[in-house]
Amino acid sequence: MSFDNDLFISYAHIDNAPLAAMQEGWVTRFHLSLTSLLSMRLGKQARIWRDQKLSGTDAFESRIVSQFPRSALLLSIVSPRYVESAWCVREVTEFCKIAATQPYGLTIDNSCRVVKVVKTPPITEEQLPAVMQTVLGHEFYQIKENSPVELDPFFGSELGEKYLLRVSKLAWELSLVLKQLDNVMPDGTMIGERKEHKGVKTMPTVYLAECSYDQKDLREQIDAELKSYGYRVLPQCPLARDETTFCAQVQELLGQCQLSIHLIGSNYGAVPDGPSQKSIVVLQNEIATLLSHERNLPRILRLAEDTVSRQPDQGAFIEMVKTDPETQFGADVITSQSPEELKGAIHAALEKFRTPSVEELPPSASTDRRLVYLICTVQDRRSTVPIRQRLNALGYEVELPVFQGSAEEVREANQSLLQQSVGIIVFYGLGSEAWKLSVKNELRRFQGVSSKKTKSPVYTYLAAPETEAKHDLIDMGEPFLLDAMQGDSAQILSPFTQVLEQDSR
């Protein structure tokens, strides 16, 4: 659909007042930065209209109203003055009214044609139209010394860098919506809608959990990258701040998703009004865990290994994420400080939704390997030699985990071994109790998300040295144990190999 303007900027003129003599105002600099970056993203000159008169006290002019039907999107620069300005409120109200009467309406493919940039957070947005209150705002401020400070190069290089990153992310998202509008026919239908082909899966939807303030920059990075690859990211609207409604919204949104991502930091996060007094970070993880039980929803928890908290509630939650199997259920726990390793884990988890699974590949691409995956620590490699020899003699190929390479390479290689294996042995020798728990959780998570039609049997091989944790497994009647703590013998493997032979018939 053709428009004269890609974007109409609505703002309160007081927000463009310069902070020093001979300096341009914030809105003017924002307009310039956005024009340059949006033009790069579109591959052509962006057409942005902004009323540049010095006073906003004139009558609501017809020359402004006339721009609304000719503008693809409206961008509101929200501030305390903006929500108090009858002029600004009327601009966004009139745009919404006109857009709603057009064939394509106010939203296009779940994207709203009204965009909210929050320069300075107002106390309330009640004066704004409902659609403005429900769209997520692009925050162009940070809290410094308990007060909001605009992202602006005038306040130093750190805030200047974040300002440009936010403008770049905004430009990318605007370009995607504008390109969608270019494909809208006059009757509101889309040109060339994507067709699904056999063996090709549609792009998945991702739940990127709301987080505490210390994780917001990382969340912005992940959000921008996922959207740049074409993934749909939820939530798209602010969530309620009463616990009952918040939990219902999270459960409904997670029901639409193929992956949930949770960023855990030092701060506890906002606490909705409700009986549990749990933070939004804890509540979202609990609901996602429930869905992992119910429908094998895969999850990624990111908790940097050196994360500590002075807040007792958050300290307790961090300890649960590190040690509690239920808190970790269905999740891949990423402890690296590197954002790139986190991004690699996210893309690896999503790749299975974008490409055909092993069962969907042509017969020529499949394999008849009788592969046993023997999981051990690098220190136990030599101790596994007798087991590997016996399995080789029975016609099985045995692979140990990949120990060297980049984090992403190691992860992908070991996931591939899990996918190809007909049976799995966890060699519990020199590995610590924490290592054993992490392996158990990884296997549980993999079996929850795997596309394999038949789950591989998993046995635990108890080897020297003897420990209380190993004896506890025996005393508690842990199933599928192969006890070799008193010495190795060929008969110890028999229960495992018998199951493999039965499964192969």
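Reader: Which helix do Glu94 and Lys97 lie in, and how many residues apart are they?
Author: Keep in mind that this is a predicted model. Glu94 and Lys97 both sit in helix α4, residues 86-101. They are three residues apart, about one turn of the helix.

Reader: What do their side chains form?
Author: A salt bridge. The N to O distance is 3.6 Å.

Reader: Is Glu94 buried or exposed?
Author: Buried. Its relative accessible area is 17%, and buried means under 20%.

Reader: How many salt bridges are there in the whole structure?
Author: A search finds 24. Take Arg29 and Asp152 as one of them. Their closest N and O atoms are 2.4 Å apart.

Reader: Where do those two lie in the chain?
Author: Arg29 is in helix α1, residues 26-42. Asp152 is in the loop between β9 and α6. The two are 123 residues apart in sequence, so the pair ties together separate parts of the chain.

Reader: And are they buried or exposed?
Author: Arg29 is buried, at 18% relative accessible area. Asp152 is buried too, at 3%.

Reader: What about Glu220, which residue does its side chain meet?
Author: Arg166, in a salt bridge of 3.9 Å, N to O. This pair links distant parts of the chain. Glu220 is in helix α7, residues 216-228, and Arg166 is in helix α6. They are 54 residues apart.

Reader: Buried or exposed, those two?
Author: Glu220 is partly exposed, with 23% relative accessible area. Arg166 is buried, with 12%.

Reader: New topic, the surface. Which residues gather in a patch of negative charge?
Author: Glu433, Glu468, Asp472 and Asp475. Helix α16, residues 468-475, gives the largest share, three residues. Asp475 is found in that helix.

Reader: Why does Asp475 count as exposed?
Author: Because its relative accessibility is 63%, and exposed means over 50%.

Reader: Which residues form a nonpolar patch?
Author: Leu19, Phe154 and Phe155 do, on the surface. Together they have about 290 Å² of accessible area. Phe154 is in the loop between β9, residues 147-150, and α6, residues 157-182. At 41% relative accessibility, Phe154 counts as partly exposed.

Reader: Back near the start of the chain. Where is Asn5?
Author: In strand β1, residues 5-10. Asn5 is buried, at 8% relative accessible area.

Reader: Which residues does Asn5 contact?
Author: Leave aside neighbours within four places in sequence. Then Asn5 is in contact with Arg47, Trp49, Gln67, Arg70, Ser71 and Ala72.

Reader: Now the whole protein. How many helices and strands does it have?
Author: It has 17 helices and 19 strands. Of its 505 residues, 48% count as buried.

Reader: And what share of contacts join residues at least 24 apart?
Author: It is 71%, among contacts between residues at least 6 apart in sequence.

Reader: Last one. What does the accessible surface come to?
Author: About 24700 Å². Carbon and sulfur atoms hold 53% of that.

Technical notes. Residues numbered from 1 in each chain as written. Predicted model: local features only at pLDDT ≥ 70, side-chain atom pairs only at ≥ 80, totals over all residues. Heavy atoms only, no water. Patch = residues over 30% accessible without salt bridge, like charges linked within 9 Å, V, L, I, M, F, W, Y side chains within 5 Å. Areas by Shrake-Rupley, 256 points an atom, 1.4 Å probe, with all protein chains shown as cover. Salt bridge = Lys/Arg side-chain N within 4 Å of Asp/Glu carboxyl O. Lys, Arg positive; Asp, Glu negative; His and termini not counted. Charge placed at Lys NZ, Arg CZ, Asp CG, Glu CD. Helix = DSSP H or I, 4+ residues; strand = E, 2+ residues; numbered from the N terminus. Buried < 20%, exposed > 50% of the residue type's maximum accessible area, 1.4 Å probe, protein only. Contact = heavy atoms within 4.5 Å.
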